[in-house]
Amino acid sequence: MNDINLKDKNKKELKIEEQKEEDKAGIDSADDIVIEFQNVSKKYSCGDVEAISNVSFNISIGEFISIVGPSGAGKSTLIRLLTCEEKPSEGKILVAGRDISKLKKRELPFYRRKVGVIFQDFKLLPKKTVYENVAFALEVCDATNAEIKEKVPKIIDLVGLTNRVFALTEELSGGEKQRVSIARALVHNPKLLIADEPTGNLDPVSTWEIIELLFKINKQGTIVLLATHDKEVVDTLERRVISVKNGKIVSDQKKGKYIL
Ligand code: ADP
C-alpha cells in the first residue's frame, strides 16, 4: 500500500469514530421544528444592557428567514448564540431537541460543521485558488483525498464557478468570492446556512445572483437564515421576516417586509 492510500485508510478509520460524534452533535430532527429559542437573554460580561432580551421563536425544516434590524439590535448576537460562540445568560436554545449550551467541547466542531456561516467580507484565503479554498475546509477535518476529489468539483459546480476553479480568489469579483465562501460553507452538507450580510459588499446584479443561489440551496433542504440591511431584497423575497430592535423581536411575519 503506498503512502497516500495508507493515509486515506487511517483517515477512514478516524472518520468512523467522527461519524459517531457527528451523529450525537448533529442537527437532524424527526420533528418539523429544528431550532427553538426559549426565553433567551444574553448579557455580555463587559456590557450593562442585554444584547438579547427574553427572545422566543422557532425555526422549522425548509424555512428561508430574514433577520433585520438596526445596528446594535442584536442580530450578530443571535447568530453567535446559534453557532455556539456565545452562551445564553438565560433561557435555552434547542437544536433538534438538544440544548446546545450543553454540547461538550469535543462535540462542538461536529455541531459547527452542520451550521455553515458566510460573511460580508468572505473570509477566503486570497493567494489560494477557488479549488484550494473549498478543499481546505475538508482538509482541516481530515477528509480523505478521495473524498476531496469527489466533493469539491461538485460543490464548485453547484455554486456556478466551474470555469473559475483554478483562479486565485483575490482575482475574483465580489459576487464570485461570495460564491466561493458559500461553496466552502456547504462542504459538510449543513442543515442550516447562516448568511451574515452576504450582499453588503456587492453590486445589485451580484446581490441577486447570490440571493438566487441561497434560494437554490434552500430548495435542496438547507434552512437559510439571512441577516441583512437590504430592504429591497427582503421586500422582494416575500418570506418570513424577523425584525429585531433593542434585543427584542418586534415582529415576526410569514411573508414579511422590511419594517423598522
Ligand atoms: P447587531 O448585529 O444587530 O448590530 P449586536 O448583536 O452586535 O447587534 O449587538 C447588540 C448589543 O450587544 C449592542 O449593544 C452591542 O454593543 C452589544 N455587544 C455586542 N457584542 C458585544 C461584546 N462582545 N461585548 C459587549 N457588548 C457587546
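1. Helix 2 (residues 75-82) is mostly covered, with six of its eight residues buried. The buried residues are Lys75, Thr77, Leu78, Ile79, Leu81 and Leu82. Buried means that 20 or more other C-beta atoms lie within 10 Å of a residue's own; exposed means 12 or fewer, partly exposed lies in between, and C-beta atoms are placed from the backbone. Helices (H or I, at least four residues) and strands (E, at least two) are DSSP runs, numbered from the N terminus. Cys84 follows helix 2 and has a positive phi, near 65°.

2. The model is predicted: local features need pLDDT of at least 70, side-chain atom pairs count only at pLDDT 80 or more, and totals for chains, interfaces and linings use all residues. Residues are numbered from 1 along each chain as its sequence is written.

3. On confidence, pLDDT is the predictor's confidence in each residue, from 0 to 100. The protein chain has a mean pLDDT of 91, and 88% of its residues reach 70 or more. Where pLDDT is low, the predicted coordinates should not be read in detail.

4. Which residues surround the ligand? They are Tyr44, Cys46, Gly47, Ala51, Gly69, Ser71, Gly72, Ala73, Gly74, Lys75, Ser76 and Thr77. A residue is near a molecule or strand if its C-beta atom, placed from the backbone, lies within 6 Å of it. The shell divides into four nonpolar, seven polar and one charged residue. Ala, Val, Leu, Ile, Met, Phe, Trp, Tyr, Cys and Pro count as nonpolar, Asp, Glu, Lys and Arg as charged, and the others, Gly among them, as polar. Lys75 and Thr77 belong to this shell and are also buried residues of helix 2.

5. Strand 8 (residues 223-227) is mostly covered: five of its five residues are buried. Ile223, Leu225 and Ala227 point one way, Val224 and Leu226 the other. Strand 8 pairs in the parallel sense with strand 3 (residues 64-68) over four bridges. Here Ile67 stands opposite Ala227. Strand 7 (residues 192-196) also runs parallel to strand 8, joined by five bridges. Ile194 has Leu225 as its bridge partner. Two strands pair if DSSP finds at least two bridges between them.

6. The largest nonpolar core has 63 residues. Such a core is a set of buried Ala, Val, Leu, Ile, Met, Phe, Trp, Tyr and Cys residues joined through C-beta atoms within 7 Å. Ile67, Ile194, Ala195, Val224 and Leu225 are among those with the most contacts inside it. Beyond neighbours within four places in sequence, Ala195 is in contact with Ile118, Leu214, Val224, Leu225, Leu226 and Ala227. Contact means C-beta atoms, placed from the backbone, within 7 Å.

7. Two further positive phi values deserve a look. Ala96 has phi near 50° and lies in the loop between strand 4 (90-95) and strand 5 (98-99). Ala96 is partly exposed, with 18 other C-beta atoms within 10 Å. Phe122 has a phi of about 65° and lies in the loop between strand 6 (115-119) and helix 4 (130-139). Phe122 is buried, with 21 such atoms within 10 Å. Most residues other than glycine have a negative phi.

8. Lys257 is in the segment after strand 10 (248-253). Lys257 counts as partly exposed because it has 16 C-beta neighbours inside 10 Å. Beyond neighbours within four places in sequence, Lys257 is in contact with Val234, Asp235 and Val241.

Note on methods:
Contact = placed C-beta atoms within 7 Å.
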